[in-house]
Amino acid sequence: MSVRTQAAVWEHSIHAGPHLLMMLAIADFSDDDGQAFPAVATLAEKCRMKQRNAQTLLAALRASGELEVREGEGPRGTNLFRIRLDRLKRQDAHKGVQALAGGVQKLAGVQSLAGGVQRLARRGASSCASPISMNHQEPVEARTARQHSPTSTRGTRLPDDWQLPDDWRELCAQNRPDLDPDEVAESFRDYWHAKAGRDAFKANWLAVWRNWCRKERQQQHGTPAARPARPGGLLSTDHQF
C-alpha cells in the first residue's frame with residue numbers, strides 16, 4: 001500500500017462515487033509509482049460489488065485516462081494496473097488554471113459592477129446639482145422652450161398644454177403682419193394635436209412654426225382664408241413637414 005498514491009487519488013482524481021472507490025482500492029495495493037497487481041475478483045470483493053460491475057468501472061477508469069491496464073504483464077501473468085499519477089497532476093494543474101480564470105472573471109464582474117456604481121453615483125450627483133422646483137415639476141415655459149429648442153435632436157409631439165410663446169408670437173407678427181398670431185396658433189395647435197403617425201413627431205417645433213407662418217394664406221377682407229379639409233377631418237397637406 002502506498003500512502004502517496006492514495007493521497008494523489010483522493011486529491012486529484014476527477015471521479016466520485018463507485019469510480020473513486022475503485023481507484024482507491026487499486027491504490028491500496030499499489031506502490032509509490034502507482035503500480036499494482038490485484039485480481040479483478042479481489043477488487044470486486046474489496047469494493048463490495050460483483051465482478052461484472054468491477055469490470056465496467058475499470059473500463060470507465062481506463063477511458064478517462066487515470067488508469068492504465070496491461071493484461072498479462074504482471075507477475076505470473078497477472079494484469080498490471082498503473083494509476084497515472086502524471087495525469088492526476090496535470091488534471092490538478094488544469095483545475096487550478098480554471099479556478100484562476102473563474103476568479104479573474106468574477107473580479108472583472110466586480111470591477112464592472114463597481115464602475116456601474118460609480119457612474120450611477122456621478123449621475124446622481126449631477127442630478128442633485130440641478131435646481132428642482134418645489135413641486136418637482138418642470139415649469140411649462142421651461143419645458144416648452146426645451147422641447148422646441150432648435151438644438152433638440154429627438155422628435156417629440158406638440159405638448160397637449162402647448163401655448164404660443166411670446167417670442168413665437170413676435171416672430172409671426174414681424175414676418176407676417178397680415179396674420180393674427182393667436183388665430184394662427186389655434187390652427188397650428190389643432191392640426192398637430194390631431195396629426196397621427198411618425199410625421200407628428202418633430203425635432204424643432206420652432207422651425208415648424210416659422211414655416212407654418214410663412215405658408216399661412218393671407219387674410220382677405222379682414223377674414224382668414226378657409227383651409228380645405230382633408231379626408232378624415234384633418235387639414236390640407238400644405239403644412240405637413
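Start at Cys47. Its relative accessibility is 6%, so Cys47 counts as buried. Keep in mind throughout that this is a predicted model.

Now select Cys172. At 1% relative accessibility, Cys172 is buried. Show the cysteine sulfurs around Cys172. The nearest one belongs to Cys213 and lies 3.6 Å away. A disulfide needs sulfur atoms within 2.5 Å. Cys172 is therefore in no disulfide. Across the whole structure, a search finds zero disulfides.

Next, select residues 17-29, helix 2, together with residues 51-64, helix 4. The two axes come within 10 Å and cross at roughly 90 degrees. Helix 2 and helix 4 therefore count as roughly perpendicular to each other.

From helix 2, pick Pro18, His19, Met22, Met23 and Ile26. From helix 4, pick Ala54, Leu57, Leu58, Ala60 and Leu61. These are the residues that make the contact. What is the make-up of this contact: how many residues are nonpolar, polar or charged? Nine are nonpolar, one is polar and none is charged.

Finally, colour the chain by pLDDT. The chain average is 80, and 76% of the residues score at least 70. Two stretches deserve a stop. Select residues 132-136, where the pLDDT is below 50. Beyond near neighbours in sequence, residues 132-136 have one contact in the model. Then select residues 219-241, where the pLDDT is also below 50. Here the model has 43 contacts beyond near neighbours in sequence.

Terms used. Residues numbered from 1 in each chain as written. Predicted model: local features only at pLDDT ≥ 70, side-chain atom pairs only at ≥ 80, totals over all residues. Heavy atoms only, no water. Axes fitted to C-alpha atoms, helices over the stretch in contact; angles between N-to-C directions. Helix = DSSP H or I, 4+ residues; strand = E, 2+ residues; numbered from the N terminus. Parallel < 35°, antiparallel > 145°, perpendicular 65-115°, else oblique. Contact = heavy atoms within 4.5 Å. Nonpolar A, V, L, I, M, F, W, Y, C, P; charged D, E, K, R; others polar. pLDDT = per-residue confidence, 0-100. Buried < 20%, exposed > 50% of the residue type's maximum accessible area, 1.4 Å probe, protein only.
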